[in-house]
Amino acid sequence: MSETQRKLPPIDLRSDTVTQPTPAMREAMARAAVGDDVFGEDPTVNELEARTAALLGKEAALFLPSGTMSNQVAIRAHTEHGDEILLEVSSHAYLYEAGAPAALSGVMCRLIPGKRGLFTAEDLRAAVRPTNMHFPPARLLCVENTHNQGGGSVWPLEQIAEVAEAARELGLRTHLDGARLWNAAAAAGRSEAEYAAYFDSVNVCFSKGLGAPVGSAQAGSAEFIRRARRFRKQFGGGMRQAGILAAAALYALERHRSRLAEDHANAKRLAQGLANLPGLDTNPAEVETNIVLIRTRSMPAPEMVRRLQQQGVLTLARDAETIRAVTHLQVSAEDIDRALNIWAEVVA
Ligand code: TLP
């Protein structure tokens, strides 16, 4: 390691969840008017909920502590115990939420095979079982956009329309895990509301690409959000003077939503650089947003992650042969170039 590299802070590409609130965001948090949100009296939370509902073109929204709770409150509010929900095989709500659909909602998960997290109306139809006393009733379809395990893949709006139409014909309710819907909208040149229009409920996260420290929101009809609010309380997510957190989310919506294209350009820059290195498989054409998947041929992914970390580049091993790198607010183009230099040393 060179002397200059040793002195520089690490480049953290593990996730877009690692961002630190900026000084201006902290000031907005300190200034926030607050009240008891369980009583509905926090003006800043109320403002954030109204703003999120308007952005997504829904009647109402609900502020929640995390994307996981937001997805799971949606699943609980849409279903009864013993129902079946349909999700893509590598979706976050199925893979990475600690078994919550079974534990909290008592539902069966039926998995839809996908390509980079996306599937077709035909795939959905093939997965839904007919109405029959022996089968759990299929109740809810969950879609993820962008798709995390798909490498930040973006659903074309037309494909969403076809899948949503099939879901309607099959009598399914629909939920969108839009933890990174902001990124999808920016990349597709669509509004978040255009995507949200196809779903009964939508989760969005403020603590990923937007850079707020905490918080997600769920949007839907006023009636659905009333029901979701009860389950948020039941799951222990009723917060009190949460306006301090909502202020960060509002700040992030105003100031950071418009800069996501920078993260996408940096992810592309990283993928293009990595594509030129030996022993790695990266496809820059598949990098649509802020997530880069890198297949490691020369050594196991966890070993490469360890060596990169020693040199000040933090990444995550997704599995034995794939590394995930995510760009965000606190990663610059210069950081990407520095990371590429270090990566070149590691594979050499
Ligand atoms: N994803 C995190 C980890 O949990 C893997 C990450 O680093 O990407 N939906 C999607 C699509 C997500 O990617 C995540 C978080 C969530 C939901 C859950 O959000 P949180 O972490 O706020 O519970």
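The exercises below work through a predicted model of a protein chain with a ligand.

**Exercise 1. The two domains**

Task: Find which residues make up domain 1 and domain 2, and state how far apart their C-alpha centres lie.

Solution: 
- Step 1. Domain 1 is built from two stretches, 3–19 and 259–347. Domain 2 covers 32–255.
- Step 2. The C-alpha centres of domain 1 and domain 2 are 28 Å apart.

**Exercise 2. The interface between the domains**

Task: Describe the interface of domain 1 and domain 2 by its contacts and its buried area.

Solution: 
- Step 1. Begin with the contacts: 17 residues of domain 1 touch 20 residues of domain 2.
- Step 2. Turn to area. The size of an interface is often given as the accessible area lost when the parts come together. Between domain 1 and domain 2 about 1,500 Å² is buried, and carbon and sulfur atoms give 47% of this area.
- Step 3. Asp 16, Leu 260 and Glu 288 supply 32% of the area that domain 1 buries against domain 2, more than any other three residues.

**Exercise 3. Polar and charged pairs across the interface**

Task: Count the salt bridges and the residue pairs in polar contact between domain 1 and domain 2, then say which elements and kinds of residue domain 1 brings to the interface.

Solution: 
- Step 1. The interface of domain 1 and domain 2 holds 3 salt bridges.
- Step 2. Arg 116 and Glu 288 form a salt bridge in which the closest N and O atoms are 3.3 Å apart. Glu 288 is also one of the three residues named in Exercise 2 for their buried area.
- Step 3. For polar contact, the count between domain 1 and domain 2 is 8 residue pairs.
- Step 4. On the side of domain 1 that touches domain 2, the elements giving two or more residues are α13 (260–275) and β10 (291–296). The largest share, 3 residues, comes from α13.
- Step 5. Sorted by kind, the residues on this side of domain 1 are 4 nonpolar, 6 polar and 7 charged.

**Exercise 4. Around the ligand**

Task: Which residues come nearest to the ligand, and what distances separate the side chains of Ser 15, Asn 148 and Lys 208 from its oxygen atoms?

Solution: 
- Step 1. There are 14 residues around the ligand, and those that come nearest are Ser 15, Thr 68, Asn 148, Asp 177 and Arg 180.
- Step 2. Ser 15 has a polar side-chain atom 2.7 Å from an oxygen atom of the ligand.
- Step 3. For Asn 148, a polar side-chain atom lies 2.8 Å from an oxygen atom of the ligand.
- Step 4. In Lys 208, an N or O atom of the side chain is 2.9 Å from an oxygen atom of the ligand.

**Exercise 5. A salt bridge within a helix**

Task: Locate Glu 27 and Arg 31, and explain why their pair counts as a salt bridge.

Solution: 
- Step 1. Both Glu 27 and Arg 31 belong to helix α2 (residues 23–31). They are 4 residues apart, about one turn of the helix.
- Step 2. The N to O distance between their side chains is 4.0 Å. The pair counts because the cut-off for a salt bridge is within 4 Å.
- Step 3. The whole structure has 26 salt bridges.

Definitions and conventions. Residues are numbered from 1 along each chain as its sequence is written. This is a predicted model: local features need pLDDT of at least 70, side-chain atom pairs count only at pLDDT 80 or more; totals for chains, interfaces and linings use all residues. Side-chain values use heavy atoms; hydrogens and water are left out. Domain bounds come from an automatic or database domain assignment. Contact means heavy atoms within 4.5 Å. Buried area is the accessible area (1.4 Å probe) that two parts lose on being put together, summed over both. A polar contact is a pair of N or O atoms within 3.5 Å; within protein, one must be able to donate a hydrogen and the other to accept it, and residues adjacent in sequence count only if both atoms are side-chain atoms. Ala, Val, Leu, Ile, Met, Phe, Trp, Tyr, Cys and Pro count as nonpolar, Asp, Glu, Lys and Arg as charged, and the others, Gly among them, as polar. A residue is near a molecule or strand if one of its heavy atoms lies within 4 Å of it.
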